[in-house]
Every structure is written in C-alpha cells, then in structure tokens.
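The structure comes below, followed by the points by topic.

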Amino acid sequence: MLFDNRTVIITGGAKGIGAGCVEVFHAAGGNIGLLDLDREAGEQLAAGLNSIRENSVRFLECDVSDFTRFKICIDEIVEHFGQLNSIINNAGTHPPATAIDDFSLEQMQNLMTVNFLSTYAGAKYALPYLRKTRGTIINISSMTAILGQHLSTAYSATKGAQVSFTKALALEAGKQGVRVNAVLPSNVDTPLMHEWAETLDDPQSALERVASLQVFNRMATPQEIGQVCLFLASDQSSFLTGQAIEADGGAALDY
Ligand SMILES: NC(=O)c1ccc[n+]([C@@H]2O[C@H](COP(=O)([O-])OP(=O)(O)OC[C@H]3O[C@@H](n4cnc5c(N)ncnc54)[C@H](O)[C@@H]3O)[C@@H](O)[C@H]2O)c1
C-alpha cells in the first residue's frame, strides 16, 4: 500500500482525471480531501469510497478560483485527517477552440485564475503542512504546455505556466524536503474531452481522431494518470523533483 496512512488533497476530484486520482490513492490506502465545484458528483464518489473504508474521503464543495475558500478547505482537511502528505492541483478547464482575436483579455484572466493561479494558491497554502511531512506537490499540466495546440493560445499558456512554476518551486521547496512535479497528459477519456467533442460537427470522429494520436490508438484512462500521480506522491519517486512527466502514450513521438 503505497499511500497507507497518508493524506492527499485532490482538486477537481469529483470527475475525470481527478476522480481517477481519488480512486487510485484510495486503493493505495490513502485518506483523501476531495475538493470540487460539483457537490452531487463529489458527495456520490465520497459516499461510495467511504462505504468501502469508513471516513477515508472527505468531500468539500470548493471553487479553487475563490482563494479564501480554497485555503479554508485545505486547513479543514488537515484538521480532519491530522496531516497532509500531498496535494494534486488538478482542477481546470479547456475553453472551446478559439482564435486569439475572439478570446478577450477578461476571458484569458478568468482562465488563468482557474487553471494556473489555483495551482499557485494550492501549493502556497499546502506548503506549510507539506514541510512537516516532507510531502509532495503534483500539478496536472498538459502536453499543450510544450507542444502548443491549434486555436488554444490561452489554454496552452495556462498549462505552460504550471510547468515553469513546478520547476522554480522545486528548487525552493526541495531545500525543505518537499518534492514538486508536473504531469502532462495528452488525451484522457474524461467528461471534459467529451464536452469538447460535442462542440464540433462530428463528435464521434473527433474522438476517434484524438484516440489515434497515441501510439496505442486510444486515450488514457483517468486511472492511468492517477497511477502516475501515485508514483510521484510515493517514496518510490524519492529522487524526482521539478520534472514534467509526459504521460502522452507516445503522442509526441515520430516528429
Ligand atoms: N482530459 C484531457 O485529455 C486532459 C489532457 C491534458 C490535461 N488535462 C488537465 O487535467 C485536468 C482535469 O481535466 P479533466 O479532463 O479531468 O476535466 P473534467 O472536466 O472531466 O473534470 C474536471 C473536474 O474539475 C472540477 N472543476 C472545474 N473547475 C473547478 C473549479 N474552479 N474549482 C473546483 N473544481 C473545479 C469539475 O467540476 C470536474 O469535477 C485539467 O487541469 C486539464 O487541463 C486534461
């Protein structure tokens, strides 16, 4: 049990990659602070896992772009479980494909707040607790951070900021025993992916095209990304910090 008697906070943990992380860390023996906007999905996931292991998942309704509320939730999870060993800054969103001319600065500021400033806030507010446990920070970025993405300047920039932040913070926090890494998925089969496909003329062929980008001819499952996060949060990766792990199923190969 790689995460036995340890506690992780997972933002955006009610669905998609976050929910995959919740399931994987729970199966590894961990206690989980599940933070999400979606009360119904969050409470349902927590209830199912608490019926397997009592008081192992605590759901708190939280919009990570409300930094005051976010800090209160982090403090409450630590108070509840007694310690914090990891935080996974996963909550984020992807706007529909849009040219820079049609994406306002206000929209960009809002996206930056949800996708990047929340990562900064989560790391900042968790660090005092993580220094005590020599814990880890994991930021869910994206392959778009290094490859770019057509009609996604705003999204790609928010994901790039997460990678730069990961590397700079790894230098600072490493001296205090805290490791910081980022995970860069390519395409993962999540509700967000399906919502994106629905904005296109032919959703099914869009999903098939996206699946074909990986050498395995399929997208990742949320649980596969969760397993990468578990490795980064566990002692098995004790010499890794400041890394941008490309969890892309070979999508960037054969350039
Ligand atoms: N799906 C992919 O292919 C893919 C690829 C690369 C990176 N990512 C990144 O992974 C992360 C998760 O993506 P996903 O595909 O699982 O998305 P998703 O929409 O399927 O799930 C995201 C979860 O986060 C929650 N959430 C959204 N905004 C929030 C906020 N402000 N505060 C709290 N919770 C919030 C949602 O309610 C939902 O439960 C994102 O940061 C995304 O950029 C996804």
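A crossing is left-handed if the near helix is turned anticlockwise from the far one by less than a right angle, and right-handed if clockwise. The model is predicted: local features need pLDDT of at least 70 and side-chain atom pairs pLDDT 80 or more, while totals for chains, interfaces and linings use all residues. Residues are numbered from 1 along each chain as its sequence is written, and side-chain values use heavy atoms, without hydrogens and water.

**Helix pair**
- Helix 3 passes helix 4 in a right-handed crossing (helices are DSSP runs of H or I, at least four residues, numbered from the N terminus).
- The contact (heavy atoms within 4.5 Å) involves residues including F67, F70 and I74 of helix 3 and L117, A121 and Y125 of helix 4.

**Ligand**
- Around the ligand are 28 residues (a heavy atom within 4 Å), with I17, D36, Y155, V188 and T190 the closest.
- A side-chain N or O atom of D36 lies 2.6 Å from a ligand oxygen atom, a polar contact (N or O atoms within 3.5 Å).
- A backbone N or O atom of I17 is 2.8 Å from an oxygen atom of the ligand.

How values were computed. Helix = DSSP H or I, 4+ residues; strand = E, 2+ residues; numbered from the N terminus. Polar contact = N/O pair within 3.5 Å; in protein donor to acceptor, adjacent residues only side chain to side chain.
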